[in-house]
Amino acid sequence: MSTRCLSPAEVTRYSRQIALDGWGQEAQEKLKASRVLLAGMGSLGSAVALHLLATGVGALRVVDKSRVSLADLNGALLYRERDLGKPKSTVAERRLKEINPFVTVEGQGKTITEHNVHRLASGCHLIIDTLQEEHLADLLNLAAVRQRLPLIHARVGEMDGRLTTFWPGQGPCLACYLPKAPGNCHPAVIGPLPGIMGALLSLEALRILGGLGPALVGRLLIFKGRWFYFKEERLRPNPCCPVCGFLQVLS
Ligand SMILES: [Zn+2]
């Protein structure tokens with residue numbers, strides 16, 4: 001990933017992050033040069049978008065075909081009452097540009113399909129899946145493996161959150177690990193949980209894009225909100241995986 005110079009205003013805007021030991025202006029410039037495909041602009045996606053925008057990711061391509069509903073306002077802090085009934089992709093694009101004019105935001109109000117997923121991922125450095133729809137997760141995983149892109153995968157339901165990073169050639173992909181995910185794409189969820197998991201997801205994205213390296217390849221981080229603790233499970237590559245098995249042979 002090439003870097004892009006920061007303007008004086010951007011240096012000031014991100015100064016607290018740039019001052020961080022191990023981060024600095026070089027990592028911030030890498031962040032500016034990066035493009036992220038963010039699938040899903042519900043409560044989890046909107047939390048991620050807000051963090052990535054505020055911290056200076058250069059370009060964000062947000063994909064969601066749905067419209068803002070009253071139930072979204074319980075957890076999706078990006079939206080307002082006046083947005084009800086409007087396409088999430090359009091509202092998100094406008095609002096995110098207001099938050100940080102230095103960042104490029106591209107809203108795509110479409111369904112992800114096997115025909116467009118590779119084009120949507122093209123030119124991106126990272127894919128983030130917040131859709132809560134497992135057949136679409138499979139498509140995003142396929143694009144990540146084909147294009148050798150890291151894929152951060154998060155899910156929230158009731159009071160629990162799960163988060164991991166799939167990186168083709170470096171660890172398992174989604175198809176190696178078959179998640180025990182809820183089949184319902186609108187699960188019951190406590191309001192602040194998407195914000196908690198969205199912040200953790202964003203930190204992992206910054207680590208990847210800024211060059212610190214991922215923390216969650218081969219690790220599934222689980223947050224149990226009812227009892228307030230984290231636990232984790234090891235995820236191992238499956239040598240017989242039909243999606244990424246060929247990469248494991250090459251490595
Ligand atoms: Zn795999």
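Two strands are said to pair if DSSP finds at least two bridges between them. In this predicted model, strand β5 (residues 151-157) and strand β6 (residues 160-166) meet that condition, pairing in the antiparallel sense over seven bridges. Within this pair, Ile152 stands opposite Thr165 of β6, and the bridge partner of Ala154 is Leu163. The two strands form a hairpin with two residues between them, in which Glu158 takes a positive phi near 55°. Glu158 has this positive phi although it is not a glycine. With 13 other C-beta atoms within 10 Å, Glu158 is partly exposed, since this class lies between the limit of 12 or fewer for exposed residues and that of 20 or more for buried ones.

Strand β5 is also joined to strand β4 (residues 126-129), in this case by three bridges, and β4 and β5 run parallel. One point of this pairing is Ile127, which stands opposite Leu151 in β5. The loop between α7 and β5 holds Arg148, a residue that is not a glycine but has a positive phi of about 55°. Arg148 is exposed, because 11 other C-beta atoms lie within 10 Å and the limit for an exposed residue is 12 or fewer. Strand β5, in contrast, is mostly covered, with six of its seven residues buried.

These strands belong to an open sheet of eight, arranged in the order β3-β2-β1-β4-β5-β6-β7-β8 with mixed pairing. At the edges of the sheet are β3 (104-108) and β8 (229-234), each of which pairs on one side only. Neighbouring strands are turned against each other by 15° on average, direction ignored. In general, the strands of a sheet pair through backbone hydrogen bonds, in either the parallel or the antiparallel sense. Helix α5 packs on this sheet, where it touches β2 (59-63) and β3, and the direction of α5 makes about 170° with that of β3.

Helix α5 (residues 88-99) also packs with helix α4 (residues 43-55). Two packed helices are described by the angle between their axes and the distance between the axes. For α4 and α5, the axes come within 9 Å and cross at roughly 35°, and the crossing is right-handed. The contact brings Ala49, Leu53 and Ala54 of α4 together with Ala92, Leu96 and Ile99 of α5. The residues of this contact comprise six nonpolar, no polar and no charged ones.

A further residue considered here is Gln28, which is found in helix α3 (residues 24-32). Gln28 is buried, because 25 other C-beta atoms lie within 10 Å and 20 or more are required for that class. When residues up to four places away in sequence are not counted, Gln28 touches Leu6, Tyr14, Gln17, Ile18, Trp23 and Gly56. The C-alpha atom of Gln28 is separated by 32 Å from that of Asp160, which lies 132 residues apart from Gln28 along the chain.

Key: Residues are numbered from 1 along each chain as its sequence is written. This is a predicted model: local features need pLDDT of at least 70, side-chain atom pairs count only at pLDDT 80 or more; totals for chains, interfaces and linings use all residues. Helices (H or I, at least four residues) and strands (E, at least two) are DSSP runs, numbered from the N terminus. Axes are lines fitted to C-alpha atoms, for helices over the stretch in contact, and angles run from 0 to 180 degrees between N-to-C directions. A crossing is left-handed if the near helix is turned anticlockwise from the far one by less than a right angle, and right-handed if clockwise. Two residues are in contact if their C-beta atoms, placed from the backbone, lie within 7 Å. Ala, Val, Leu, Ile, Met, Phe, Trp, Tyr, Cys and Pro count as nonpolar, Asp, Glu, Lys and Arg as charged, and the others, Gly among them, as polar.
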